[in-house]
Amino acid sequence: MMKRVIWLISGLNRRMMKLLFALALIAYIASVWGTYTNMRSIQEHGEMKIEQRIDEAVAPLREKIRDLEQSFSQKYPPVKFLSEKDRKRILITGGAGFVGSHLTDKLMMDGHEVTVVDNFFTGRKRNVEHWIGHENFELINHDVVEPLYIEVDQIYHLASPASPPNYMYNPIKTLKTNTIGTLNMLGLAKRVGARLLLASTSEVYGDPEVHPQNEEYWGHVNPIGPRACYDEGKRVAETMCYAYMKQEGVEVRVARIFNTFGSRMHMNDGRVVSNFILQALQGEPLTVYGSGAQTRAFQYVSDLVNGLVLLMNSNISSPVNLGNPEEHTILEFARLIKSLVVSRSQIQFLPEAQDDPQRRRPDIRKAKMLLGWEPVGW
Ligand SMILES: NC(=O)c1ccc[n+]([C@@H]2O[C@H](COP(=O)([O-])OP(=O)(O)OC[C@H]3O[C@@H](n4cnc5c(N)ncnc54)[C@H](O)[C@@H]3O)[C@@H](O)[C@H]2O)c1
C-alpha cells in the first residue's frame with residue numbers, strides 16, 4: 001500500500017515536473033521572444049533614426065548636386081543637324097583667337113564636328129567655352145610647331161599672332177609658327193587627304209605700290225624690317241601651300257585677309273580699332289602714328305567668316321582677297337570713334353612706325369565674281 005502511495009506521488013510529481021518544465025520552457029521562450037521583439041523594435045527605431053539622420057545630412061548635398069547639374073547642363077547655341085554624308089570633321093588651328101572663335105561658332109552651328117587647336121598665346125579658352133562639352137566640339141592645347149596626328153576632312157589654318165605687338169614680341173616664334181607650323185599642317189593634310197585653307201594676310205603686299213591691291217600684285221615687303229617675321233612668314237606659308245599642291249596634290253585655299261574687327265578682339269593687342277576704342281573709353285589720348293593720312297579698310301568679322309567658309313568649299317585654289325574696299329584714313333577712324341564713344345580724348349600724333357603700309361584697300365572683284373562674296377557689314 002505504502003509503495004503504491006509512493007509510486008502515485010512520484011507519478012504525480014513526474015507529471016507535475018513535466019508540467020512545470022513545460023511551463024518554464026514556455027515562459028523562457030516568451031521572455032526570449034519578448035526581449036527579441038523588444039530589441040528588434042529598438043533596432044528598427046534606431047535604424048529609422050539613422051536613416052532619418054542620413055536623409056537630413058544628404059538632403060542639402062542632393063540640392064547642391066542638383067544646382068551643380070543645372071549649372072553644368074550648358075545651353076549650347078542652336079546646332080543644325082547634318083547627315084553623316086554632309087557632316088565634316090574640321091580642324092581650326094588658332095580657333096581660340098578672335099577670328100578662329102567666330103569661325104568655330106559658324107561651323108558648329110552649321111552642324112559640323114570642330115576640333116580647335118590652340119596654344120593660347122593670344123587666344124583664350126573663354127572665346128570658345130560656350131562649346132565645351134558639346135559632342136561635336138573638341139579643344140586641344142597644342143602648338144602647331146609640333147606635329148599633330150588627327151583625322152579630319154578640312155583644316156582652317158589660322159594659328160599665328162596677328163597684331164604687330166604680338167608678332168613682334170617673339171619674331172623667331174612668329175617665323176616658326178608660320179613656317180614649321182604651316183609645314184606640319186600641310187603634312188597632316190597630305191596624310192589624311194584633307195583640304196587646307198591658309199589664313200594669309202594683306203601684309204603679303206607690304207607697303208604696296210599698286211592700289212587697290214589685287215591678287216596679281218606680288219607685293220613690296222622689307223625682308224629684314226620689324227614686320228618681316230609676320231609678312232615674310234605668311235609669304236613663305238603661301239609658297240609652302242602651292243609646293244604641297246603641285247608636288248603632293250594637296251588641295252589648298254589661300255585667303256588674303258584684310259583688316260578685320262569685331263567682338264572678342266583682345267583689348268590690349270594693339271590693333272587700331274580696339275586701341276582707339278579703349279583709349280576713348282578711358283579718356284586717354286588716341287594715338288595716331290605719323291600724320292594719320294595712311295589708309296585702312298575694315299571688314300566686320302562675320303563677313304570674313306562667311307568668306308572663309310565660301311572659299312574653303314569652292315574650287316578656287318589661287319589666293320583670294322577678303323576685305324572691305326571702303327577705305328578711310330586713320331585720322332578719320334580716330335575722329336569717328338572719338339565721336340561715337342562721346343569721348344573728351346585728344347588725338348595725339350606719334351612718330352611714324354617703321355614699314356607701316358601707307359595705303360591699304362582690297363580689290364575684291366575676284367571674291368565677288370568667283371565666290372559671290374562681298375562684305376555686308378553687321
Ligand atoms: N584679324 C585680322 O585683321 C587679320 C588680318 C589678316 C590676317 N589675319 C590672320 O588670321 C588669323 C587669325 O587672326 P586673329 O585676328 O584671330 O588673331 P588672334 O591672335 O586673335 O588669333 C590667333 C590664334 O592663333 C593662336 N596661335 C598662335 N600661335 C600658335 C601656335 N604656335 N600654335 C597654336 N596656336 C597658335 C593664338 O593663341 C590665337 O588663338 C591669323 O593667321 C592672322 O594672321 C587676321
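Predicted model: local features only at pLDDT ≥ 70, side-chain atom pairs only at ≥ 80, totals over all residues.
User: Thanks. Where does R264 sit?

Analyst: R264 is in the loop that runs between β7 (260–261) and α6 (272–281). The backbone there has a feature to look at: R264 is not a glycine, yet its phi is positive, about 75°.

User: Which other residue is not a glycine but has a positive phi?

Analyst: V342 is one, with a phi of about 50°. You'll find V342 in the loop between α8 (330–341) and β13 (347–350).

User: And is V342 buried or exposed?

Analyst: V342 counts as exposed, because its relative accessibility is 73% and the cut-off for exposed is over 50%.

User: While we're on the backbone, which peptide bond is cis?

Analyst: The one from H211 to P212 is cis, with omega near -10°. P212 belongs to the loop between β5 and α5.

User: Let's move on to α5, then. How many residues does α5 have, and how far does it reach?

Analyst: Helix α5 covers residues 228–248, which is 21 residues. From its first C-alpha to its last it spans 28 Å, close to the 30 Å expected at 1.5 Å a residue. Just after α5 comes G249, with a positive phi of about 75°.

User: Which residues of α5 are buried?

Analyst: The buried ones include A228, C229, Y230, D231, G233 and K234. Further along the helix, A237, E238, M240, C241, Y242 and Y244 are buried too.

User: What covers them?

Analyst: The cover includes two helices, α3 (164–169) and α4 (171–192). It also includes the strands β5 (195–201) and β6 (252–257).

User: New topic: helix packing. At what angle do α2 and α7 pack?

Analyst: Helix α2 (residues 98–109) and helix α7 (residues 301–312) pack at about 65°, and their axes are 10 Å apart. The crossing of α2 past α7 is right-handed.

User: Which residues make that contact?

Analyst: On the α2 side they are F98, V99, H102, L103, K106 and L107. On the α7 side they are V301, L304, V305, N306, L308 and V309. By type, the contact has 9 nonpolar residues, 2 polar and 1 charged.

User: What does L107 touch beyond its sequence neighbours?

Analyst: Setting aside residues up to four places away in sequence, L107 touches I90, I92, H112, V114, Y156 and V309.

User: How many residues are in the largest nonpolar core, and which have the most contacts inside it?

Analyst: That core has 45 residues, and L103, L107, Y156, F276, L308 and L322 have the most contacts inside it. Helix α7 supplies the largest share, 7 residues. Apart from this core lies another one of 22 residues, among them M185, L186, V250 and V252.

User: Last topic: V288. Where is V288, and why does it count as buried?

Analyst: V288 is in strand β8 (residues 286–289). V288 counts as buried because its relative accessibility is 0%, while the cut-off for buried is under 20%.

User: Which residues is V288 in contact with?

Analyst: Leaving aside neighbours within four places in sequence, V288 is in contact with F276, I330, L331, A334, I347, Q348, F349 and L350. As for V272, 16 residues from V288 along the chain, the two C-alpha atoms are separated by 8.9 Å.

Terms used. Residues numbered from 1 in each chain as written. Heavy atoms only, no water. Axes fitted to C-alpha atoms, helices over the stretch in contact; angles between N-to-C directions. Helix = DSSP H or I, 4+ residues; strand = E, 2+ residues; numbered from the N terminus. Left-handed = near helix turned anticlockwise from the far one by under 90°. Contact = heavy atoms within 4.5 Å. Nonpolar A, V, L, I, M, F, W, Y, C, P; charged D, E, K, R; others polar. Buried < 20%, exposed > 50% of the residue type's maximum accessible area, 1.4 Å probe, protein only. Core = buried A, V, L, I, M, F, W, Y, C linked by side-chain atoms within 4.5 Å. Expected span 1.5 Å × (residues − 1).
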